[in-house]
Each structure stands twice: as C-alpha cells, then as structure tokens.
Amino acid sequence: MAAKIIDGKSIAQEIREKIKKEVEELKEKYDIVPGLVTILVGYDPASISYVKGKQKIAQALGFYSVEERLPENVSEDELIKLIDKYNKDLKIHGILVQLPLPKSINERRVINAIDPRKDVDGFHPINVGKMIIGEPCFLPCTPYGILVILEKIGCQVEGAEAVVVGRSNIVGKPIANLLMQKRKTVGNATVTICHTRTKDLAFHTKRADILIVAVGKPKFITADMVKEGAIVIDVGVNRIGTTPEGKAILCGDVDFDAVKEKVSAITPVPGGVGPMTITMLMKNTLEAAKMWNGLPNEVE
Ligand code: NAP
C-alpha cells in the first residue's frame, strides 16, 4: 500500500490565510494588531533560521513583530529584565524565547518569567497545568499542529492505540496528554509513551494505529517497526548534510521511503509537522491579542 503523504505545508497555508483575514478584520473593526516578540540568545544556526522563519511569517500575516537578539554571554537577569519589559508592553501579545538557551542560563526560570497570558509557546507551568486538566490555554505549538493534522486528515483518534516515542516537555509529553484527553475530536486515544528505558520499543510501535515520533535520530523508526495501515507523524528534524549551495539537508526520525510503503498516511520531513508548528504559534498570538482586548477567544 502506498501511503497518503500528508502535506503539512498546504494545511499550514490554509490556516495562515484564515489568520491573515482575521488580522485584517481586527485591524479594521477594533484597530488591534497582534504583536509578537521573538527573543534569540546566541548564534546557533538552527535557532537563527527558526526565528527568521517566525518573523517572516508574522510580518506576512500583518502582525506587529519585534526581533530581539542577545549575545551568547547575556546574563539570566538581563534576559529576564527584557522579558519583563515585554510583559508590560501593551503592543505585544505574545513572547517567544527561542530554545535551547545557552547552558549558563536556567531555562525554567526564564520560561517562568513570561506572563502566562503572553506565553504563546505554551511552555509556562500554568498553561501546561491547564492543558492537563483540559482547560482552555495556549497549547504548545508542535503538539497543537499535530492535533490539527490528525483532524484535517480525518484520523479516527477515539479508541485508537496511539504510541508516542519521546517524552520531551515540548513534544512527547504534551502530545501524549492531548491525545488521551476526554474529547470527541482528536482525543480519547489509548496512549503509550516510549523512551530510552522502554524495554522492547518495536513491540509498542508495531501496535500503534497512530505513531508519533519525536526522538531526534535520523531514520530511527524502520519499516519493520510499524503496523500495516498505521498513521505516522514524524516530528524529527535532523540535519544530515549540506547542499553545494550551503542549505541544510534534513531528514526525519522515520525511514520515510521504506515506511511509506507500509502505512496509510505519513508526514514528510521537511514539509510535514514543521510548517504547522510555526502556524500554530501565529494562531496562539492571534488568540492572545483577542484575549488582551476582551474579545472572545480560544485561550481563556
Ligand atoms: P529531546 O528533548 O531530545 O527528546 C528526545 C526523546 O527521545 C527523549 O524523551 C528520549 O528519551 C527519546 N529517545 C532518544 N533515543 C531514544 C531511543 N533510542 N529509544 C527510545 N526513545 C529515545 O527531543 P525533542 O525536543 O522532543 O525533539 C525531538 C525531535 O523533534 C528533534 O529532531 C527536534 O529537532 C524535532 N522537533 C521538531 C519540531 C518541529 O516543529 N518539526 C519541533 C520540536 C522538535 P529519554 O527521555 O529517555 O532520554
């Protein structure tokens, strides 16, 4: 069976068009412009490229966008002072601190310094707590994007065996939690989470109707590890080389060419989950702008 290749780019594009329209309406009717600040510390090339992408899309959607760049050796206190400035800035509705931060900075302390009502990445403990108990909140962007993909392709999540490989705070743990939420659309799955201490990984992955992989190892999931007809969401982004023009060559955590012959649907890398992550960041910022201006929204 040849799989449906899930076109994350076009799903993302469709959502961005809706966001753009809503931004125009907000401006016209209420003179509100969603504002996003991105804060980048250091010179990691992948982080620079992610922030550039976020800025470009924010501008294309008509947002007010501010880019802050701090040197690698900035102190934790200086960074927190900057966050505090934007916590108070009425033109800014979303604050994004690009992770990872340099080792000298306590990431937790920095995330906790963001006003939870501007935490458009959904990493603040208040938003994580709300997500777990099923209250409206900012959902973390990658898991949020995966939910939208599953909904768009009409995946039967209720009652499905969902297996998540990876338990990071930004992908594995939240997506596992979201899939098991008592919710008719994209919820009610039976979820298994796997990690480095899982005894027989293939035993679990082979049982999965929905397999979500966020490990960070190129082509880690091979065809013999997946069930015929499964839906596979590959979150991994691995840089495996550079083109002669100097562009990064990317591949996912799943052996795409072999696995696509066996499953019913699969996300490619690039062009699968990645574009959705950025799009859901814009969606969260739009909802934040509505919330801060007392309009109906999806995050409170
Ligand atoms: P992470 O924090 O490094 O976590 C990796 C997880 O994989 C850990 O829980 C680890 O288990 C598990 N793992 C590693 N080796 C394993 C093995 N041999 N067997 C079973 N589990 C194993 O990674 P992350 O931040 O979630 O990111 C994962 C990948 O997704 C990366 O490639 C990242 O670049 C990509 N990513 C993409 C997007 C996007 O928008 N497309 C967004 C975020 C991340 P332990 O906990 O036991 O160590």
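Tutor: A helix here is a DSSP run of H or I with at least four residues, a strand is a run of E with at least two, and both are numbered from the N terminus. On that count the protein has 10 helices and 11 strands. The model is predicted. Its mean pLDDT is 97, and 100% of the residues reach 70 or more. Among the elements, the lowest mean, 93, belongs to strand β10 (residues 248-251), and the highest, 99, to strand β5 (residues 161-165).

Take helix α1, residues 8-30. Its partner here is helix α6, residues 141-152. The two pack at an angle of about 100°, and their axes are 11 Å apart. Angles of 65 to 115 degrees count as roughly perpendicular. That angle therefore makes α1 roughly perpendicular to α6.

Now the side of each helix that takes part. From α1 come Ile11, Glu14 and Ile15. They meet Val148, Ile149 and Lys152 of α6. By class, this contact holds 4 nonpolar and 2 charged residues, with no polar ones. Glu14 and Lys152 are the charged pair of names in that list. Ile11, Ile15, Val148 and Ile149 are the nonpolar ones.

Follow the chain on from α1. Asp31 sits in the loop between α1 and β2 (35-41). Its phi is near 60°, a positive value in a residue that is not glycine.

Domain 1 spans 31-117 and domain 2 spans 141-274. Their C-alpha centres lie 28 Å apart.

One lies between β4 (94-97) and α4 (107-113) and contains Pro100. The peptide bond from Leu99 to Pro100 is cis, with omega near 0°. The other loop lies between β11 (265-266) and α10 (273-292) and contains Pro270. A cis peptide bond joins Val269 to Pro270, and omega there is about 0°.

Last, the whole. The C-alpha atoms fill a box of roughly 50 × 40 × 35 Å along the principal axes.

Technical notes:
Residues are numbered from 1 along each chain as its sequence is written. This is a predicted model: local features need pLDDT of at least 70, side-chain atom pairs count only at pLDDT 80 or more; totals for chains, interfaces and linings use all residues. Side-chain values use heavy atoms; hydrogens and water are left out. pLDDT is the predictor's confidence in each residue, from 0 to 100. Axes are lines fitted to C-alpha atoms, for helices over the stretch in contact, and angles run from 0 to 180 degrees between N-to-C directions. Angles under 35 degrees count as roughly parallel, over 145 as roughly antiparallel, 65 to 115 as roughly perpendicular and the rest as oblique. Contact means heavy atoms within 4.5 Å. Domain bounds come from an automatic or database domain assignment.
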